[in-house]
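Please open the structure in your viewer and keep the sequence beside it. The tour below moves from one selection to the next and says what is found at each stop.

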Amino acid sequence: MIIVTSGARYIDIDAYACCVAYAELLNLTGKPAVAASTAVWNESITKSIRALHAPFTTDYIPHAEDTFIAVDLSDPAHFDKIVDLERVVEVHDHHPGFEKYWTDKIGGGSNIEFIGAAATLIYELWVKAGKRDQMSKVSAELLAAAILDNTLNFGAGVTTERDKEAYGFLMNHAGLSESWVTQYFTECQESILADLPEALRNDTKFLEFNGLSEKLCLGQMVVWDGKDVIAQDLDTVASVLGGMQKTWMANVVSISEGRSYFITDNSEVKAWAENLLNTTFDGSVAVADRLWLRKEIMKVGINMRPQ
């Protein structure tokens, strides 16, 4: 059996969609596979997405003969606990950094590109196999949602023409309406705000950046209308992230407004973010002039020289 899986800490819509859709393709081409993960599902896997009841296993117990395919992840330190690194045969990811590691280890099984969504890479595997017209509507909707989420409705700087092309086919194939986009992101926001502390804890990374004395606790939430979060939940954000690390920042991605809000009460982080992201804080909030993804902040910030 081939186990298609992702990270250990949490699984988001991109990882979830990739697992389901690639396992379907493998089975369609005569290679028995299962989408599986033991990780927590985050808020991007909304109630409507869950209602699709995609084939996905949360309690799979690997056998000695099983092999593994990792999607939406290439850092071996963060693979799901069920993964045996020596039995990983493919890696499909849009986060750079481990290209050489996997090329050296598995050769042509490594497929790592800096692109909007890992879901686009999986869609392209369907195209390459000549099977895209046989894709289920469930897999098409999942991949479409993943591309929307990871490109911030195509407003993020990481968006490529490949992401747009993939989404165009997937949306038509799944029979999705234009209103589905608003519905999806609104559901994401409702799910996040229903338990904001847990949502923040489930989508936070601790990252090292030049210019900061300690790791940055960088939380992110993708919502339809960020004004609601700013108006109602600043104290909760500060309490949760500030309780995790004194150097912290939240990135509230407001899809309908086409901009990000950055939140922090740490003076060192404010100065760092203002220099890096070309923005200005008013109290604990800075308003960006565009949408930012955390991975974009990581990409520009990782090479920032000390001040």
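Begin by selecting Lys164 and Glu161, whose side chains meet in a salt bridge at 3.5 Å, N to O (a salt bridge being a side-chain nitrogen of Lys or Arg within 4 Å of a carboxyl oxygen of Asp or Glu). Both residues lie in helix 6, three residues apart, about one turn of the helix; helices here are DSSP runs of H or I with at least four residues, and strands are runs of E with at least two, numbered from the N terminus. Lys164 is partly exposed at 39% relative accessible area, whereas Glu161 is exposed at 58% (buried means under 20%, exposed over 50%, partly exposed in between, with a 1.4 Å probe and protein chains only).

The model is predicted, so local features need pLDDT of at least 70 and side-chain atom pairs count only at pLDDT 80 or more, while totals for chains, interfaces and linings use all residues. Residues are numbered from 1 along each chain as its sequence is written, and side-chain values use heavy atoms, with hydrogens and water left out.

Next, select Arg162 and Glu124, which form a salt bridge at 2.8 Å, N to O. Arg162 lies in helix 6 and Glu124 in helix 4, so this pair ties together parts that are 38 residues apart in sequence.

Then move to Asp203 and Arg294, where the closest N and O atoms of the salt bridge are 2.4 Å apart. Asp203 is buried, with a relative accessible area of 13%, and Arg294 counts as buried at 6%.

Finish by displaying Asp225, Lys227, Glu257 and Arg259, which salt bridges with shared partners join into one network.
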